Amino acid sequence: MRDEISLIEACIKQNRAAQQKLYQLYAPKMLGVCYRYASSREEAEDMLQEGFIRVFQKLDSFRFEGSFEGWLRRIIVNTAINIIRKYQNLKYECDIDSAEYTPAASGDVIASMYTREVVDLVRSLPNGYRTVLNLYAIEGYSHKEIADMLGINESSSRSQYTRAKALLAKRLEKIEAFGITEHVKVSHP
Amino acid sequence: MSRFRIHRPFEEELAKKADEFSMQPSLSTWQGVEKSIAKTRAIQTYWKIGILSLSIVAVIGILFIQDDRRSTASKTTETAITLLPPLTDQPLTSKDGKDSPTTHGAKINARAKKEKSVPAITQMKTRESLQGSSEFKTEKIVLKNIIPKKLRIGYKADPSSEASRLSLRKRPPSFRGRDAWYVQVNYGPAYAYRNISARTDYARPLEDTKKQLDKGVSGFSARVQARYHFSDRFSLAFGIGYTRSGERIGIAPKKDSKVYDALAETYGYETTEMNTPGDISYYTNQYSYTELPVTLYSKKPLTPRLSLTTGLGLSLGYMSKTNARCYDYRIDHYVNNPKFLRDWSVSSHAQVLLEYSVNTRWSLAAGPEFTYALLSTYQNYYTLSQHQFSAGMNFGVQWKLFDVTKSRLAE
């Protein structure tokens, strides 16, 4: 903890080596975060790059009160959302195969999957669903916060999440029955 | 916002798995981040140097202008008192009883004579009151109208008199013979960097990498010059100088160099920055030149003591000291102080200086300076062309070799 504080302080003083060390410390995990929001690895790296530039620019506003990783992650997520809003047309449409049949999403199947498979499963969702699911289920934002971030209604956020979860549940059901390979297709625009 | 809030097992498991996921970013991502923050740092440095330079110039300018006003006012008072003796035999009043310009001047002169007999403090007070009075202002106009020009210039006046000495001080600058020679010393910190371009297509990747990884460094220049004023406005300075410039280079790990692998197979494997994975290594390249600068100055007086001087010049430099790592394509390796560094350089420089004459012999100067190397740091056969440039401040002192004013007085 003490090391982290002195590392951050060195970064605020524009110490290049410290900045690189901080980047190396958090970049892999933050790229994992960006990857869940992005359509491709290249886009994820763009998000990471943009996010870290912002982090280093705003580092002097970090008050050393809460977790640094939490602060960093918030900036990275906000940057990712900004990029998505700027370059992607978020469509909040229902593309569930069958609207009538919506099985309950099970945590057991997810627990049995590899992390990469889970991430690819999330990434296989349409942009709008994926973004809301990431923000609500993984980052822990409220629907009101999500609505503010994405510029949508709170009810839209709720319905998007419900539909995303239903779509995931449907895919998880198939995965449970037939295996993962055929049902997780990551879209690359 | 509360992270990892548990809704149901689904969200909990999803967040847990997602949180475990990490990926190794590519090197170019960090390079992009670093390039951007370095640019911010450079902009901040430029702003700091710029604001500091402007502040110094502004403070010096304000101080000098104030000082100059004080000294001009003081000189005028003295002139009013001392330049009037030839007029004392004029009648004090005109026929109609009113003061003529001449008699008015004589009255002040009489008043000045009285002042000589009173203590120094009283004299000072009288001078201050004179400066503020309308009488004093009128006197300035009278002097212009009635004092013969040759007396105002003072060459024909009695050299031992105060009037003569003061009028010599008022002599407008006119450089002749020995009077025109000055010795000048300049020093200036600078931000040094380079323009780089590839001469061949196959060197473009190196150019791109260097553009991403190289950074500016601080440098300096120092010069001792003789300066000859061949007119009131123009002067030429020439002498000797020393300049240090350079750049910080980043050497990225490179494991896939086919040329190096081939060399390694032939000559044996060696662990260097070319084949060791890990962080980018940074080195500061320094090129030190002993120079022969020639500068043409143009001076525009702002006040009697203050002038704005612009200088343009060229320097012939010899690379007297080098501490640089450069990429050698022939061996696909970074080497220290390679032979393809050019020994000689020609660079141009431009200065804008605020010059202040402290007295007849000494003057000070300060202002921004920009230099640009006209020749590449590397020989023409090398794959990259690199032109150094620097931007910074220049502080100078100028000393007149022969004080002709004194020798004239002695004559």
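In this predicted model, 30 residues of chain B are in contact with 35 residues of chain A. On the side of chain B that touches chain A, the elements that give two or more residues are helix H1 (9-20) and helix H2 (27-82) of chain B. The largest share of that side, 10 residues, comes from H1(B). Sorted by class, the side of chain B that touches chain A holds 13 nonpolar, eight polar and nine charged residues.

The two chains can now be taken one at a time, beginning with chain A. Chain A has nine helices and zero strands. Read from the N terminus, its elements therefore follow the order α-α-α-α-α-α-α-α-α. Chain A has 189 residues, and 37% of them count as buried. Contacts in this chain can also be sorted by separation along the sequence. Of the contacts in chain A with a separation of 6 or more, 68% are between residues 24 or more positions apart.

The axes of H1(A) and H2(A) come within 8 Å, and they cross at roughly 130 degrees. Because of this angle, H1(A) counts as oblique to H2(A). The crossing of these two helices is left-handed. From H1(A), the residues A:Leu7, A:Ala10 and A:Cys11 meet A:Ala18, A:Gln19, A:Lys21 and A:Leu22 of H2(A). By class, the residues of this contact are five nonpolar, one polar and one charged.

One residue of this contact can be followed more closely. A:Leu7 lies in helix H1 of chain A, which spans residues 2-12. Is A:Leu7 buried or partly exposed? There are 18 other C-beta atoms within 10 Å of A:Leu7, so this residue is partly exposed; a buried residue would need 20 or more. Apart from its neighbours within four places in sequence, A:Leu7 is in contact with A:Ala18, A:Lys21 and A:Leu22. A:Leu7 and A:Leu22 are 15 residues apart along the chain, and their C-alpha atoms are separated by 7.1 Å.

The next pair of helices in chain A is H2(A) with H3(A). Helix H2 of chain A covers residues 16-37 and helix H3 of chain A covers residues 41-58; the two pack at an angle of about 135 degrees, with their axes 9 Å apart. This angle is why H2(A) is oblique to H3(A). H2(A) passes H3(A) in a right-handed crossing. On the H2(A) side, the residues that make the contact include A:Gln19, A:Tyr23, A:Ala27 and A:Met30. On the H3(A) side, A:Arg41, A:Ala44, A:Glu45 and A:Met47 are among them. The residues of this contact divide into 12 nonpolar, two polar and two charged.

Chain B is built from both kinds of element. Its secondary structure comes to 10 helices and 10 strands. Chain B has 411 residues, of which buried residues make up 25%. Among its contacts between residues at least 6 apart in sequence, 69% join residues at least 24 apart.

In general, strands of a sheet pair through backbone hydrogen bonds, either parallel or antiparallel.

Strand E3 (residues 234-251) and strand E4 (residues 281-301) of chain B pair in the antiparallel sense over 16 bridges. The bridge partner of B:Gly250 in E4(B) is B:Tyr282. A hairpin of four residues joins E8(B) to E9(B). B:Ala350 has B:Phe370 as its bridge partner in E9(B). E9(B) is also joined to E10(B) by 11 bridges, and these two strands run antiparallel. Here the bridge partner of B:Thr371 in E10(B) is B:Ser390.

Notes:
Residues numbered from 1 in each chain as written. Chains lettered and ligands numbered in written order. Predicted model: local features only at pLDDT ≥ 70, side-chain atom pairs only at ≥ 80, totals over all residues. Pairing = 2+ DSSP bridges. Axes fitted to C-alpha atoms, helices over the stretch in contact; angles between N-to-C directions. Parallel < 35°, antiparallel > 145°, perpendicular 65-115°, else oblique. Left-handed = near helix turned anticlockwise from the far one by under 90°. Contact = placed C-beta atoms within 7 Å. Nonpolar A, V, L, I, M, F, W, Y, C, P; charged D, E, K, R; others polar. Buried ≥ 20, exposed ≤ 12 C-beta atoms within 10 Å, placed from the backbone.
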